[in-house]
Amino acid sequence: MDQLHLNDRNTASSVALDKQGRERDLGRGVKLDKILELASKHQVSIIALQETKLNTRHRLRVKGYNIVRQDRYSNGGGGLMFLIRDNNQKLDLDALEGLFTNATVLLGDLNAKHTAWGCALANNRGKDLENLSNDKAFLFLNNGTHTYRSHSYNTIDALDLTISSPDLFPYCSWKVVDYVGSDHYPILIELDYDVKIYGNNNIY
């Protein structure tokens with residue numbers, strides 16, 4: 001287990017229950033709550049579990065963790081799961097600030113959430129990014145459409161952001177296009193902008 005210095009924010013109550021309200025059994029009587037208690041005690045950031053006995057019918061949520069699973073395909077053994085602690089780190093604003101220049105479009109999944117671009121709530125990353133964008137007069141191309149679907153949680157969110165400098169914003173269009181199987185949806189960004197180059201008495 002990778003041990004990093006993290007705040008002890010998660011307790012046994014953070015684990016999801018099954019449909020009958022019972023604590024999830026991962027197989028052989030192992031309870032996820034007990035594992036989370038142990039991880040909190042030792043300040044663990046990544047939990048790796050083998051022989052989980054879970055399949056695609058089992059939905060599992062753990063507050064404060066991202067879950068990556070490889071479920072078993074039959075009634076036999078198998079199953080692998082990683083629980084990765086959400087560190088909620090802040091953006092490196094000093095590094096980002098230098099990117100906010102003229103004729104610039106910034107895009108990517110920054111794990112920044114804010115209602116301004118379609119998320120249900122705002123996290124620290126989202127608040128920092130919105131403040132920085134406002135300070136630099138940059139504008140979000142996102143129209144509120146969700147760009148991400150969690151297969152583990154069966155939830156949707158707007159995580160993939162596109163931010164434009166004010167000089168390019170009027171010429172940009174943005175939309176989510178057809179689903180291709182990834183948890184992140186493809187995004188089509190078009191820039192209808194003529195660039196004129198002067199040289200040798202000619203305009204190109």
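Helices (H or I, at least four residues) and strands (E, at least two residues) are DSSP runs, numbered from the N terminus. Asn-124, for example, sits in helix H3 (residues 124-135). The model is predicted: local features need pLDDT of at least 70, side-chain atom pairs count only at pLDDT 80 or more, and totals for chains, interfaces and linings use all residues. Residues are numbered from 1 along each chain as its sequence is written, and side-chain values use heavy atoms, with hydrogens and water left out.

Start with the whole chain. The protein chain holds three helices and 13 strands. Of its 204 residues, 33% are buried. Buried means under 20% relative accessible area, exposed means over 50%, and partly exposed lies in between (1.4 Å probe, protein chains only). The protein chain exposes about 13,000 Å². Carbon and sulfur atoms supply 48% of that area. Accessible areas come from the Shrake-Rupley method with a 1.4 Å probe; for residues, only the protein chains shown count as cover.

Contacts tell how the chain meets itself. A contact means heavy atoms within 4.5 Å. Take the contacts in the protein chain with a separation of 6 or more: residues 24 or more positions apart account for 55% of them.

Next comes confidence. pLDDT is the predictor's confidence in each residue, from 0 to 100. Its mean over the protein chain is 79, and 77% of the residues reach 70 or more. Confidence is lowest in strand E1 (residues 2-3), at a mean of 33. It is highest in strand E6 (residues 139-140), at 97. Over residues 1-23 the pLDDT is below 50. Beyond near neighbours in sequence, this stretch has 46 contacts in the model.

Now look at helix H1 (residues 32-41). Its buried residues are Leu-32, Asp-33, Ile-35, Leu-36, Ala-39 and Ser-40. They share one side of H1 because they cover an arc of only 160 degrees around the axis. The arc is that of the directions from the helix axis to the C-beta atoms. The face of H1 turned away from the buried side carries the exposed residues Lys-34 and Lys-41. Gln-43 follows H1, and its phi is positive, near 55 degrees.

What covers the buried residues of H1? The cover includes strand E2 (44-50), strand E3 (65-70) and strand E4 (80-85). E4 pairs with both of the others. Two strands pair if DSSP finds at least two bridges between them. Five bridges join E2 to E4, and the two run antiparallel. Here Ile-46 stands opposite Ile-84 in E4. Six bridges join E3 to E4, again antiparallel. Gln-70 has Leu-80 in E4 as its bridge partner. E4 also has two faces: Met-81, Leu-83 and Arg-85 form the covered one, while Leu-80, Phe-82 and Ile-84 form the uncovered one.

Further along is another sheet. This open sheet has three strands in the order E5-E9-E6, with antiparallel pairing. E5 and E6 stand at the edges, each with a single partner strand, so one side of each is left without a neighbour in the sheet. Five bridges join E5 to E9, and two bridges join E6 to strand E9 (residues 160-164). Ile-163 in E9 is the bridge partner of Leu-106. Ile-163 is also the bridge partner of Phe-140. Leu-139 stands opposite Ser-164 in E9.

How many residues of E9 are buried? Five of the five are, so E9 is largely enclosed by the rest of the structure. Asp-160, Thr-162 and Ser-164 point one way from E9, and Leu-161 and Ile-163 point the other way.

Thr-104 lies in the loop between helix H2 (93-97) and strand E5 (105-109). Is Thr-104 buried or exposed? Thr-104 counts as buried because its relative accessibility is 12%. Leaving out residues up to four places away in sequence, Thr-104 touches Leu-99, Phe-138, Ile-163, Ser-164, Ser-165 and Leu-168. A polar atom of its side chain lies 3.0 Å from the backbone oxygen of Asn-102.

Finally, return to Asn-124 in H3. Asn-124 counts as partly exposed, because its relative accessibility is 41%. Asn-124 and Leu-91 are 33 residues apart in sequence, yet 8.5 Å apart in space, C-alpha to C-alpha.

How values were computed:
A polar contact is a pair of N or O atoms within 3.5 Å; within protein, one must be able to donate a hydrogen and the other to accept it, and residues adjacent in sequence count only if both atoms are side-chain atoms.
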